[in-house]
Amino acid sequence: MMGDPIQLKDEGNKYFQAGDIDKATECYTNAIKVCKDKKVLAVIYRNRSACYLKKESYANAASDATKAIDADAADIKALYRRCQALEKLGKLDMAFKDVQRCATLEPKNKTFLETLRRLGSEIQAKLKTTFSTDSRVQNMFDILLNEEIEKDKREKAANNLIVLSREDAGAERIFQNNGVPLLLNMIETGKPEMMLAAVRTLSGMCTGHKARAMAIVHMVGVDKMCSIMAIDNEEIALATCNLFQCINDSLTGEDTREYGKEEALVLDASKDLKTILLSLLEMVANKKVSGHGRDQALNLLTKNVPRKDKKSNDNTRCLFTIDHGLKKILKVCGQVPELPDQLPLTDNTQLIASVLLNKLYDDLKCDPERNNFRDTCSEYVKSKIDPNNMDKNIHAINTISGLLQGPFDVGNAVVGQQGIMEMMVALCGSEREVDQMVAVEALIHASTKMSRATFFVTNGVSLLKDIYKTTKNEKIKIRALVGLCKLGSAGGDDYGLRQFAEGSTEKLAKQCRKWLCNPQIDAKTRKWAIEGLAYLTNDADVKDDFVEDELALKAMFELAKSKDKTILYAVACTLVNCTNSYDKKEILPELVQLAKFSKQHVPEQHPKDKKDFIEKRVMRLLKAGVTSALAVMVKADSSILTDQTKEMLARVFFALSDNPRDRGTIVAQGGGKVQDRYLEDGNDKLKLLVLLCGEDDETLQMAAAGALAMLTAAQKKLCTKMTRVTVQWLEILQRLCLHTNPSIQHRGIVIVYNMLNSDDSELAKKLIESEMLEILSVIGKAEDNPKRQEAIDAARMCLVKAMDLGLIKPLTSPS
């Protein structure tokens, strides 16, 4: 038996009264299936509509109410239910019509009158904002494109437009109100501030909205965007680079925001992404593109071509880039700015190109792919070699320099080819300054990885010594000296291993310092003096002399703040050496005995690498203003500020703030600006830093824990904030303190000390009541051990602090 609709309806009503909405819905649905009476059917639909309202299933509620109204147009309950559902669905005008009808049928019903009034004012407000946004958009464009209106009003309108484009509703309004053609008009004015405002507005409109981003790509055109990025204006090039990045993130789905109804449209962006990639590769070696534009094209390729995740198997973008663009990138590396008719470059372009080559090579998955890369490079260099054309030859050698700074293995293989070394030797003996300079720089880059540089140690030293002695040209003298420095510092910080006779490293360093302080020498050449010091400061005597020379330190810091960012790595190396913040090789006593017994060389520590000397050097660096230089360096463009450089800067920051006494100086010199960013609300910087401390990658952990140790020392508030950004904070901190790497363990314990020292008694109590007390006790009670001494000392300081706070009792001997 199917069941009686009236009985099923009544049963549904009972369940509804009892609050069992699911059972009630089921009864009404069964009743609808068997009901033949239209009037009764209308009532059942109306009742099921009430169930759907309770379940917040508003589309179904509206649909059922409509079916009831179709049967009886004056069903006031069904009308009001549909009104409620439509309001929740955002269809205010339709909801308003329904409640208006209810109020006509029952003019004294307070609920209907109240709803009518409320919906009326909501509709007014909505209309007001809709029209005001539309008129605001139109008004802004009118102001912007009117030459007669004063400048500050136009600037204000430009800023308002950018701000509006960053909200989805505002971006949609600009788009719907003929915004893209109007923005193109602003770009056509050719005025930098107008172009900037237009490009930044387009970026806002393309962010997080695939459909709109695709439409804008087609309306503006990829060629047009490239031509804007190609202009010789750093700010415009950077803003257009950002626009391309926003488009890329929206089209690839890197941007994971909710798109609402656009999600349903299946938009295939692969064709547009391919067009953009080809256009960027076209820019790389195009003469009409400015240096800034070229930098940004290379940056976009570096950021978006290699796989984000090596677990993904798809490296087709990389292979496509190599097929269509590798020779173009090599062409950039080979440019010699001193010659006529070269591509426009900035100081940083060639290094950015080397970084891109390195990233592409790293993204290859198998030997055939790597062999193809190597062969293409090799053929390119060969094709440039011409015994009758010196300019082509130095282009070939400069390309090798670029490879040696990027995928070193590839550069090394190309250098080893027949005839290349002979040509370098010939260029070193050339009459032309530019030939010698290019050849010596290539020699320097080739001798970077000492383990593989034995060939250069034997051949290069005599060659460079000859050049150093015979040339009258300061530029070449400095470069030859840097080559000698690199070859001379083969022993690292091992005091016993020295390429040159005792004392000559100090002489070389003194000469480098002299050049560094000479304002008559161009910045590009003075930069090489720092390259030399980066190697020579492996020697403790040299670093000690260097930090005593305040003029030389200040000259180095000034160069570090300059536009030329290719210097960052050398400055970071020099500072790591001066603060001894590099990874120390452990010298095991047993091995020393064994070495002495077998008459082998024993590594020794220089007396000036002991703790008190390092502390003095840190003080000298702070006095000379190292912090403000570091603050500028940290903000550099990500492609040049490689992970390795970032890690070195983090090590230096950590070494500088090791002594609590110096932390005030660091904050005073601008280190505080960095901390303020972490204190601000509304960003995830601190959360990210804490989570990075929990990563498995040791270099990442080391840098993140170092930064956190510094920040929590300088800003006590961050100790408490840190516990609020993620529930995992304590677990991550315990992992750091139990780490097998002594440097990471030390950083973790310093963070704990800072938290105990933060004047937040609840936080200190929480730490000591956790397993942290046991961890600190085990480390602090361990015997002295040079390998882990810093961590042991820090743990003991924590235990003393906990006693001072009265959280643990002093250890007493048993009575």
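Let's start with Phe373, which touches Ile322, Leu326, Leu357, Leu360, Tyr361, Leu364, Pro407 and Val410, leaving out residues up to four places away in sequence; contact here means heavy atoms within 4.5 Å. This is a predicted model, in which local features need pLDDT of at least 70, side-chain atom pairs count only at pLDDT 80 or more, and totals for chains, interfaces and linings use all residues. Residues are numbered from 1 along each chain as its sequence is written, and side-chain values use heavy atoms, with hydrogens and water left out.

Phe373 and Leu516 have the most contacts inside the largest nonpolar core. Such a core is a set of buried Ala, Val, Leu, Ile, Met, Phe, Trp, Tyr and Cys residues joined through side-chain atoms within 4.5 Å, where buried means under 20% relative accessible area (1.4 Å probe, protein chains only).

| Core | Residues | Members include |
|---|---|---|
| Largest nonpolar core | 170 residues | Phe373, Leu516 |
| Another core, apart from it | 44 residues | Leu756, Ile779, Ala794, Ile808 |

Stepping back to the whole chain, 52% of its 815 residues count as buried. The secondary structure comes to 43 helices and zero strands, taken as DSSP runs (helices H or I, at least four residues; strands E, at least two).

One of those helices, α8, spans residues 151-165 and holds Arg154. Is Arg154 buried or exposed? Arg154 is buried, yet has no salt bridge, meaning a side-chain nitrogen of Lys or Arg within 4 Å of a carboxyl oxygen of Asp or Glu. Glu147, the nearest side chain of opposite charge, is 5.0 Å away, while the backbone oxygen of Glu147 lies 3.3 Å from a polar atom of the Arg154 side chain.

Notes:
Buried < 20%, exposed > 50% of the residue type's maximum accessible area, 1.4 Å probe, protein only. Lys, Arg positive; Asp, Glu negative; His and termini not counted. Polar contact = N/O pair within 3.5 Å; in protein donor to acceptor, adjacent residues only side chain to side chain.
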